[in-house]
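Have the structure open while you read.

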Amino acid sequence: MFGRLFGRGEERPAGPYALAVPRRKNGMYTLRALGDSRVLALVEAADAGEWEAVKEALAPFDLGRDHHVLGELAGLDGVEEWIVRAVEEDKEHRATALLISGARHVRWGWEARTAARAVHVTQDQWRVFHERLRIAEEHLFEAAELRPEWLTPWRHLLTSGRGMSLGRAVNETRLDAALRRDPLDLSSHLEWVSQLQPRWGGEQGQALAFAREAFAGAPDGHPLGCAVAMAHIEDWVESDDSDCLDTPAVRAELAEAARRSVLHPAYERRPGWQHDFNMFAMALSLASEDTARRHVFHELDGAYTEWPWTYFGNGEKQFARHQRRA
């Protein structure tokens, strides 16, 4: 199957908005602006704090459903300095400004908390973390009220709810709200895979069972297979055995999930598709699976995304090492 799909080695069309691939280092490069010139224009406008230019650059995208595009804005340092002013002053586009502000404050809050285990987070870090998440919650709820068809506010409310320890019942309500708007939304499923981990109060095996059930109901070519890949990665994070994924059963499951999702002809490559492939690249590498891993890295052609490789202390080196092995 893989050979028929990718064995000829043709160059894939880059598309009219594809950014030029920068010079590779160690055979890889860090994906910038989802590899899309329209997203780059949006990021540059936001980096300059130019709200009018941001609104213009948002025209091709549906920010209420496009998690990757919203994520580019949420991860940009300095957005928090000007977006609140847009919330207050631009009544016509208040919902969009609220959404961006809410998503940014969630990310900004986690930056203050850091990725450290809870016992290693200082009291001052906790205080800043919760202050920022409270602003995020206020803005996301208002955005959701103004635009009830939007999915992305509920997805980010899942993350803020986890950070504020609001409890399983509250977060299940938020998950239901997200999945009512799109029952197969990958980002919401990925967030719930995280929330089901033992370190967040879940039980061993819950996340993988959830991911398997969700993917079983998805059509061929749907990226929801990434939830299975991430559930296995999360199991690896939780385990004391670094080789826990290196089993025939895990290799077979991951290869089949890749075949049915990102490596299937029906898979649609939207801006940021490389994030999906990086999840499979890491999971397949941890499982020492050869065939599907080789094709995943071939399609990536060196495009590295920080997530989920940040689970390693040296993500870039790990990506480059596994790419060479593939």
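How are H2 and H4 oriented relative to each other? They are roughly parallel (angles under 35 degrees count as such). This is a predicted model: local features need pLDDT of at least 70, side-chain atom pairs count only at pLDDT 80 or more, and totals for chains, interfaces and linings use all residues. Residues are numbered from 1 along each chain as its sequence is written, and side-chain values use heavy atoms, leaving out hydrogens and water.

**Helix packing**
- Helix H2 (residues 37-47) packs against helix H4 (residues 67-74) at about 30°, and their axes are 10 Å apart.
- Val39, Leu42, Val43 and Ala46 of H2 meet Val69, Glu72 and Leu73 of H4 in this contact (heavy atoms within 4.5 Å).

**Nonpolar cores**
- A nonpolar core here is a set of buried Ala, Val, Leu, Ile, Met, Phe, Trp, Tyr and Cys residues joined through side-chain atoms within 4.5 Å.
- The largest one has 55 residues, and Phe277, Phe280, Val296, Leu300 and Trp309 have the most contacts inside it.
- Helix H14 (residues 273-286) supplies the largest share of this core, nine residues.
- Beyond four places in sequence, leucine 300 contacts Trp273, Gln274, Phe277, Asn278, Ala281 and Phe319.
- Another core, of 45 residues, lies apart from it, with Ala33, Val54, Val79 and Ile83 among its members.

**Histidine 139**
- Histidine 139 sits in helix H7 (residues 123-146).
- Its relative accessibility is 9%, so histidine 139 counts as buried (under 20% relative accessible area, 1.4 Å probe, protein chains only).
- Not counting residues up to four places away in sequence, histidine 139 touches Val84, Leu98, Ser101 and Gly102.

Key: Axes fitted to C-alpha atoms, helices over the stretch in contact; angles between N-to-C directions. Helix = DSSP H or I, 4+ residues; strand = E, 2+ residues; numbered from the N terminus. Parallel < 35°, antiparallel > 145°, perpendicular 65-115°, else oblique. Buried < 20%, exposed > 50% of the residue type's maximum accessible area, 1.4 Å probe, protein only.
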